Amino acid sequence: MPTELNTNENANSMTKKLWEKHQGDEYTKVSNYKEAVCLGCMKVDVAAATIADICGDCASKKGREPLLAKVCDKYYGLCFFCSKYKFHIEQVNGRFCQTCHGRIAKVTKEYNEKGGFMKADPFWISLRKKHGKDFKKLMGGNNHSNRR
Ligand SMILES: [Zn+2]
Ligand SMILES: [Zn+2]
């Protein structure tokens, strides 16, 4: 059993469940050497699972093999692979080698440092510029009074 090896550094209850599900399956199981196809660079290397957002273009280039599971669909978001904001993002649970884990961590760190999607995303930035003071009203707080 590979349980004593730390394959799931960023594990939470959901990724753990996914991990267990995959380890129970002959086809998706990761070897005791932790080697698997990395979704980032497509090399077979020691790879650990994490959650990542991927756009349709990147996903179709990469194929489905290294995906553990699709977590959910997002209408719009940041793709961790091409670092672009796109429509139809998929949030997936996939395996990544050390290098690609680092790359993703960098993308998400920059994103969080900027203040999340409202401040990093060109779509929201342009909205904010366009609407200025009204932006706050538009987005938030007293939703109930704006609701039609
Ligand atoms: Zn990789
Ligand atoms: Zn992409």
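**Figure 1. The largest nonpolar core of the predicted model holds 24 residues.** Within this core, Cys38, Ile54, Cys79, Phe80 and Phe96 touch the most other members. Six elements are named as giving two or more residues each: strand S1 (35-37), strand S2 (44-55), helix H2 (56-62), strand S3 (67-78), strand S4 (85-97) and helix H3 (98-114). S2 supplies the largest share, six residues.

**Figure 2. Close-up of the contacts of Phe96.** Phe96 is one of the core residues that touch the most other members. Leaving aside residues up to four places away in sequence, Phe96 touches Cys38, Leu39, Gly40, Ala47, Ala48, Thr50, His101 and Ile104. S4 (85-97) and H3 (98-114) both contribute two or more residues to the core.

**Figure 3. Ala48, a buried residue of strand S2.** Ala48 belongs to S2. Ala48 has 23 other C-beta atoms within 10 Å, so it counts as buried. Gly94 is 46 residues from Ala48 in sequence, yet their C-alpha atoms are 8.0 Å apart in space. Across the protein, buried residues account for 24% of the 148 residues.

**Figure 4. The open four-stranded sheet.** Its strand order is S1-S2-S4-S3, and the pairing is antiparallel. S1 and S3 stand at the edges. Each has a single partner strand, so one side of each lacks a neighbour in the sheet. From one strand to the next, the twist averages 30 degrees.

**Figure 5. The S3-S4 pair and helix H3.** Nine bridges join S3 and S4 in the antiparallel sense. One bridge runs from Gly77 to Lys86 of S4. H3 packs on the sheet and touches S2, S3 and S4. The direction of H3 makes about 140 degrees with that of S4.

Figure 6. Most residues other than glycine have a negative phi. Met42 sits in the loop between S1 and S2. With 15 other C-beta atoms within 10 Å, Met42 is partly exposed. Ser83 lies in the loop between S3 and S4. Ser83 has 12 C-beta neighbours inside 10 Å and therefore counts as exposed.

**Figure 7. The overall layout of the protein.** The secondary structure comprises seven helices and four strands. Along the sequence, the pattern reads α-β-β-α-β-β-α-α-α-α-α. Take the contacts between residues at least 6 apart in sequence: 65% of them join residues at least 24 apart.

**Figure 8. Confidence along the predicted model.** The mean pLDDT of the protein is 78. Of its residues, 75% reach 70 or more. Among the elements, S4 has the highest mean pLDDT, 91. Helix H7 (residues 143-146) has the lowest, 48. Residues 1-6 have pLDDT below 50. Beyond near neighbours in sequence, this stretch has three contacts in the model. Where pLDDT is low, the predicted coordinates should not be read in detail.

How values were computed. Residues are numbered from 1 along each chain as its sequence is written. Chains are lettered from A and ligands numbered from 1 in the order in which they are written. This is a predicted model: local features need pLDDT of at least 70, side-chain atom pairs count only at pLDDT 80 or more; totals for chains, interfaces and linings use all residues. A nonpolar core is a set of buried Ala, Val, Leu, Ile, Met, Phe, Trp, Tyr and Cys residues joined through C-beta atoms within 7 Å. A residue is buried if 20 or more other C-beta atoms lie within 10 Å of its own, exposed if 12 or fewer, and partly exposed in between; C-beta atoms are placed from the backbone. Two residues are in contact if their C-beta atoms, placed from the backbone, lie within 7 Å. Two strands pair if DSSP finds at least two bridges between them. Axes are lines fitted to C-alpha atoms, for helices over the stretch in contact, and angles run from 0 to 180 degrees between N-to-C directions. pLDDT is the predictor's confidence in each residue, from 0 to 100.
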